[in-house]
Amino acid sequence: MKISTSFLSCKNLEKGIKELNFTDTDYIHVDFIDGKFVVGKTIPFRKLKKIPKLSSKRLDVHLMTDKLDKYIKKFSILNCEYITFHVEATKQVEKYISMIHSYGIKCGLAINPSTSIEEVIPYLDMVDLVLVMSVVPGYGGQSFIEETTNKLLELKKYIQKEKLDIIINVDGGINNETIGKVKDYVDMVVSGSYITNSSNYQEKIDTLR
Ligand code: DX5
Ligand code: ZN
């Protein structure tokens, strides 16, 4: 299972990113919230674009915006392994999957807690990752929504049945207790405040692994 660390709850972005260099986190999860499509804690692109100067870790970008042309282009110049956008953000899902792939970056599709997996099923053979939100996007430090476990199980069964080459990622409220509710179904987890609110990031990452 891969770990992607979100720093949305960090008070000091630069310090948090530098601290992650001393851990074995697989990715840095970069939450981009535009304040309109999703209301919440916004960190402007001009700050986020500095991350590759502070870390050589690959980025797992989570776009919470419907301005996809603009932001896919902007993030594509960073050290991205994945760019994930929300299925709820556009009717032109295929267009943006192709756009992300055209930059040689893997594409993820995110679904909100209130969205059913039927919404992403038509695109699963085109994307590399599904990001199942286990909180309403906007802020770090929220509680894991329990129904997520059923959604993950349903999704995993479908992916196995169709033999799809795609990974499942889960985002929101992941800590040493909730990890047990997702670990059998996912290939990657995003964890933020559980890791970055501690004084020993690696110790928290170890408990998740
Ligand atoms: C929520 C973000 C999450 C969040 C994760 O909008 O997409 O990535 O920051 O943080 P925790 O683990 O604190 O829920
Ligand atoms: Zn996220």
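These questions and answers cover a zinc site and one threonine in a predicted model.

Reader: What makes H29, D31, H62 and D171 the residues that coordinate the zinc ion (ligand 2)?
Author: Distance. H29 (NE2), D31 (OD), H62 (ND1) and D171 (OD) lie at 2.1 to 2.3 Å. A donor must be an N, O or S atom within 2.8 Å of the metal, so these atoms qualify.

Reader: Why is the arrangement around the zinc ion (ligand 2) called octahedral?
Author: There are 6 donor atoms, and their angles run from 71 to 171°. Six donors count as octahedral if opposite ones are over 155 degrees apart and all others fall between 65 and 115. The zinc ion (ligand 2) is therefore assigned octahedral geometry.

Reader: How are the donor residues spaced in sequence?
Author: The pattern is H-x1-D-x30-H-x108-D. Within it, D31 sits in strand β2 (residues 27-33) and D171 in strand β7 (residues 167-171). The two are 140 residues apart, so the pair links distant parts of the chain.

Reader: How do you know whether D31 and D171 are buried or exposed?
Author: Buried means under 20% relative accessible area. D31 has 6%, so D31 is buried. D171 has 8%, so D171 is buried too.

Reader: Why is T148 called buried?
Author: The same cut-off applies: under 20%. T148 has a relative accessible area of 3%, and therefore counts as buried. T148 is found in helix α6 (residues 148-161).

Reader: What makes the pair I145 and T148 a polar contact?
Author: The backbone oxygen of I145 lies 2.5 Å from a polar side-chain atom of T148.

Reader: Which residues beyond four places away in sequence does T148 touch?
Author: V132, M133, S134 and V170.

Notes: Residues numbered from 1 in each chain as written. Chains lettered and ligands numbered in written order. Predicted model: local features only at pLDDT ≥ 70, side-chain atom pairs only at ≥ 80, totals over all residues. Heavy atoms only, no water. Donors = N, O, S within 2.8 Å, 3.2 Å for Na, K, Ca; no water. Tetrahedral: all angles 85-135°; square planar, octahedral: opposite > 155°, others 65-115°. Helix = DSSP H or I, 4+ residues; strand = E, 2+ residues; numbered from the N terminus. Buried < 20%, exposed > 50% of the residue type's maximum accessible area, 1.4 Å probe, protein only. Polar contact = N/O pair within 3.5 Å; in protein donor to acceptor, adjacent residues only side chain to side chain. Contact = heavy atoms within 4.5 Å.
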